[in-house]
Amino acid sequence: MGMLAKAAAIGAFAALSLGQAASADEDARLIINGEEEMIVRAAPPAWSPLPELLSGWLFRTVETQRLQMDDFENPGFTSVDSAWETWSLPEGSAGKSCADCHGDAASMKGVRAVMPKVNAENGELWTLEMYINNCRTERMGAESWGWNSGSMVDMTALISLQSRGMPVNVAIDGAAAPFWEAGKELYYTRTGQLELSCANCHEDNYGNMIRADHLSQGQINGFPVYRLKNAKLNSIHARFKGCVRDTRAETYKEGSPEFTALELYVASRGNGLSVEAPSVRN
Amino acid sequence: MKPLKLALVPVFALALANAGWAGDVAAGDVVYDDGAVAVSLSGMAGDPAAGKKVMTTRGLGNCIACHTVSSLSEFAFHGEIGPTLDGAGSRWTEAQLRGIVSDAKKTFDGSMMPSFYKKSGYIRPGNAYTGKAASEDELSTLLTAQQIEDVVAYLQTLKD
């Protein structure tokens with residue numbers, strides 16, 4: 001091979017590997033531990049503006065995808081293990097643990113798939129974190145956990161894992177309807193000095209590169225998500241906050257009515273995709 | 001005149017902080033004619049070499065985050081959000097380019113492109129990337145008048 005041909009071959013290889021880094025195999029299937037297949041492509045609900053629902057897993061590099069295909073490789077499982085211990089740890093003035101009322105954590109199966117949902121007792125829209133803290137303060141007599149504290153995010157991972165593989169199925173009608181409408185309004189509002197809405201990137205431009213980032217549909221079926229970028233599990237609202245901050249806007253707070261409504265709306269845009277928690281992204 | 005001008009720079013910088021230079025057209029006073037802006041925002045000519053830096057630097061214009069530009073291929077990772085800027089200098093006049101870079105929404109209704117020379121009309125404006133609130137009188141334009149001119153000068157070099 002002449003020098004020129006060699007140089008051309010190297011160039012082609014570099015371009016090819018860059019392309020692979022940007023977008024993985026479009027037909028890739030997410031099968032965890034060689035046996036649990038996740039629904040990473042789903043038909044959209046009738047009202048959805050998306051032609052097809054796509055898990056964020058499809059937008060990641062092959063290397064990142066692999067980390068989620070084996071629970072021993074998945075760095076999010078350190079947190080799951082830690083929450084297993086917390087589950088049976090008695091705390092608070094009642095001296096009770098999660099296990100005392102709920103038995104095995106497997107009893108939480110299905111919970112994550114329908115979160116957030118309207119709390120029938122007070123008519124408020126509650127996320128998984130709110131239900132957990134309610135248990136802690138009202139039933140256990142324990143301190144509430146901070147939204148992004150390790151204990152909280154770990155527990156949401158353990159509880160969400162029990163629903164892994166089940167399709168997301170949040171209610172958007174009835175009592176949930178006004179919250180869903182409020183979340184939709186936020187989704188399309190262009191905030192901050194960059195005047196960007198969620199839709200600008202995640203509806204109009206998913207699949208496209210923005211500098212070195214491959215834009216996904218912004219689905220939240222994989223949360224809490226282990227991000228390689230900050231090497232920890234991240235809550236949904238923490239991720240929302242990062243996105244809004246990056247529009248050079250004043251963010252909302254974790255647990256605010258705005259982010260809770262937005263969580264419902266964004267979750268509903270993924271109704272039909274599998275719960276993947278804890279997922280791995282970059 | 002040059003030494004005198006330099007001597008005045010610190011005075012203006014102190015007095016005007018982030019409001020830009022005295023000779024700049026204020027963001028609120030820019031006259032858009034069908035999206036185009038006829039006169040230099042800084043009153044001075046743009047420098048294409050400085051414009052190239054603005055276009056490729058993440059903390060500045062970072063134009064290539066969304067646009068591909070063949071002549072900037074030495075810089076990695078060009079985005080796919082907006083159209084390529086190749087040939088922009090042939091497709092648009094200097095005034096049109098200045099208008100698009102300053103506030104693209106005046107040319108393309110509803111454009112996703114940020115308005116780089118605007119200071120008002122935002123929803124929940126923040127203090128840069130801190131996530132904290134900023135009042136509109138605290139905001140600076142995303143680029144200075146001279147940086148806009150520099151980018152426009154570079155774009156004019158992109159001929160078919």
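Start in chain B: select B:P48, B:A50, B:G51, B:K52, B:V54 and B:M55 in helix 2, and you'll find them meeting B:Q147, B:D150, B:V151, B:A153, B:Y154 and B:L155 in helix 5. Contact here means heavy atoms within 4.5 Å, and helices (H or I, at least four residues) and strands (E, at least two) are DSSP runs numbered from the N terminus. Sort that meeting place by class and you get eight nonpolar, two polar and two charged residues. Nonpolar covers Ala, Val, Leu, Ile, Met, Phe, Trp, Tyr, Cys and Pro, charged covers Asp, Glu, Lys and Arg, and the others, Gly among them, are polar.

A quick word on what you have open: it is a predicted model, where local features need pLDDT of at least 70, side-chain atom pairs count only at pLDDT 80 or more, and totals for chains, interfaces and linings use all residues. Residues are numbered from 1 along each chain as its sequence is written, chains are lettered from A and ligands numbered from 1 in the order in which they are written, and side-chain values use heavy atoms, with hydrogens and water left out.

Now show all of helix 2 (residues 48–56) and helix 5 (residues 145–156) of chain B: their axes come within 7 Å and cross at roughly 100°. The axes are lines fitted to C-alpha atoms over the stretch in contact, with angles running from 0 to 180 degrees between N-to-C directions. Helix 2 and helix 5 of chain B are therefore roughly perpendicular to each other. (Angles of 65 to 115 degrees count as roughly perpendicular, under 35 as roughly parallel, over 145 as roughly antiparallel and the rest as oblique.)

While you're in chain B, click on B:N62, in the loop between helix 2 and helix 3 (88–91). B:N62 isn't a glycine, yet its phi is positive, about 50°. Most residues other than glycine have a negative phi, and most peptide bonds are trans.

Over to chain A for another helix pair. Helix 9 (residues 236–245) and helix 10 (residues 257–268) of chain A pack at about 100°, their axes 10 Å apart. That makes helix 9 of chain A roughly perpendicular to helix 10 of chain A. Among the residues that meet here are A:F240 and A:V244 from helix 9 and A:L262 and A:V266 from helix 10.

One joins A:M115 and A:P116, with omega about 0°; A:P116 sits in the loop between helix 4 (98–102) and strand 5 (117–118) of chain A. Another joins A:A277 and A:P278, with omega about -10°, and A:P278 is in the loop between helix 10 and strand 11 (279–281) of chain A.

Last stop: the place where the chains meet. How many residues of each chain are in contact? Chain A brings 26 and chain B brings 37. The area buried between them is about 2,600 Å², with carbon and sulfur atoms giving 53%; buried area is the accessible area (1.4 Å probe) that two parts lose on being put together, summed over both.

Three salt bridges cross this interface, a salt bridge being a side-chain nitrogen of Lys or Arg within 4 Å of a carboxyl oxygen of Asp or Glu. Select B:R124 and A:E250 to see one of 4.0 Å, N to O. Then pick A:E195 and B:K105, whose closest N and O atoms are 2.9 Å apart. This pair runs from the loop between helix 7 (177–187) and helix 8 of chain A to the loop between helix 4 (94–103) and helix 5 of chain B.
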